[in-house]
Amino acid sequence: MTVTIKTKAELEQEALEAWRSSCKVTPAQAKRALLRAGLLDEVEAIMADENTDREIKIAWEYSATFDRSSDLIEALQSHPTIDLTDEQVDDIFRTAKTIG
């Protein structure tokens with residue numbers, strides 16, 4: 001039997017990845033958090049852009065929840081007009097979770 005001992009950093013990374021994969025907010029919470037972060041106008045412009053993937057637009061408009069680990073969030077995060085780090089996206093989701 002092999003026992004694996006993980007470092008504090010490894011445990012923290014695993015916890016962060018678990019949080020990211022389970023974190024969900026409502027569209028209203030997400031949009032209000034984006035507004036507070038000064039990003040809502042940019043995201044709405046991305047959604048209005050004819051070059052934005054239609055599946056991403058559908059997810060933005062019709063999703064019952066926004067999942068931190070979804071294709072929608074990944075597409076927005078990496079879009080050249082906002083280009084957010086994982087930590088910035090995490091902060092937006094943390095803010096969104098505090099909004100009632």
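Helices and strands here are DSSP runs, numbered from the N terminus.

**Entry 1: overall layout**

I began with the whole chain, in what is a predicted model. I counted the secondary structure and found 6 helices and 2 strands. Reading from the N terminus, I noted the order α-β-α-α-α-β-α-α. I then looked up the extent of the chain. Its C-alpha atoms fill a box of roughly 55 × 30 × 25 Å along the principal axes.

Next came burial. Of the 100 residues, 30% count as buried. The chain exposes about 6800 Å², and carbon and sulfur atoms supply 52% of that area. I also checked how far apart in sequence the contacting residues are. Among contacts with a separation of 6 or more, 64% join residues 24 or more positions apart.

**Entry 2: the N-terminal segment**

I looked up Thr 4, which sits in the segment before α1 (8-22). Is Thr 4 buried or exposed? Thr 4 has a relative accessible area of 62%, so I put it down as exposed, the cut-off being over 50%.

**Entry 3: the nonpolar core**

I turned to the largest nonpolar core, which has 23 residues. Leu 34, Met 47, Trp 60, Leu 72, Leu 76 and Ile 82 have the most contacts inside it. Which elements give two or more residues to this core? I listed α2, α3 (40-48), α4 (54-62), α5 and α6.

I followed Ile 82 further. Leaving aside neighbours within four places in sequence, Ile 82 touches Leu 39, Glu 42, Val 43, Ile 46 and Leu 76.

**Entry 4: the cavity**

A probe the size of a water molecule, rolled over the atoms, shows where empty space is left. The count came to 1 cavity of 30 Å³ or more. The largest cavity holds about 180 Å³ of space.

I then went through its lining, which has 17 residues. Leu 34, Ile 73, Leu 76, Ile 92 and Phe 93 lie nearest the centre. Which helices each supply at least two residues of this lining? They are α2 (27-36), α5 (71-78) and α6 (86-98). By class, I have 16 nonpolar residues, 1 polar residue and no charged ones. Leu 34 and Leu 76 come up again here, as both are listed for the core and for the cavity centre.

**Entry 5: Gln 77 and Asp 83**

I looked up Gln 77, a residue of helix α5. Gln 77 has 14% relative accessibility, so it counts as buried, the limit being under 20%. Beyond neighbours within four places in sequence, Gln 77 contacts Arg 68, Asp 83, Leu 84, Thr 85, Asp 86 and Val 89.

One of those partners, Asp 83, was my next stop. Asp 83 is in the loop between α5 and α6. Its relative accessible area is 52%, so Asp 83 is exposed. Its phi is near 40°, a positive value in a residue other than glycine. Most residues other than glycine have a negative phi.

**Entry 6: Arg 20**

Is Arg 20 buried or exposed? I have it as buried, because its relative accessible area is 13%. Setting aside neighbours within four places in sequence, Arg 20 is in contact with Arg 68, Ser 69, Asp 86, Glu 87 and Asp 90. Arg 68 and Asp 86 are among the contacts of both Arg 20 and Gln 77.

How values were computed. Residues are numbered from 1 along each chain as its sequence is written. This is a predicted model: local features need pLDDT of at least 70, side-chain atom pairs count only at pLDDT 80 or more; totals for chains, interfaces and linings use all residues. Side-chain values use heavy atoms; hydrogens and water are left out. On a 1 Å grid over the protein atoms alone, a cavity is a set of points where a 1.4 Å probe fits but cannot get out, and a pocket is an open set with protein on both sides within 12 Å along at least five of seven lines; lining residues have an atom within 4 Å of a point. Grid points are joined across faces, edges and corners, and a volume is the space filled by probe spheres set on the points. Helices (H or I, at least four residues) and strands (E, at least two) are DSSP runs, numbered from the N terminus. Ala, Val, Leu, Ile, Met, Phe, Trp, Tyr, Cys and Pro count as nonpolar, Asp, Glu, Lys and Arg as charged, and the others, Gly among them, as polar. A nonpolar core is a set of buried Ala, Val, Leu, Ile, Met, Phe, Trp, Tyr and Cys residues joined through side-chain atoms within 4.5 Å. Buried means under 20% relative accessible area, exposed over 50%, partly exposed in between (1.4 Å probe, protein chains only). Contact means heavy atoms within 4.5 Å. Accessible areas come from the Shrake-Rupley method with a 1.4 Å probe; for residues, only the protein chains shown count as cover.
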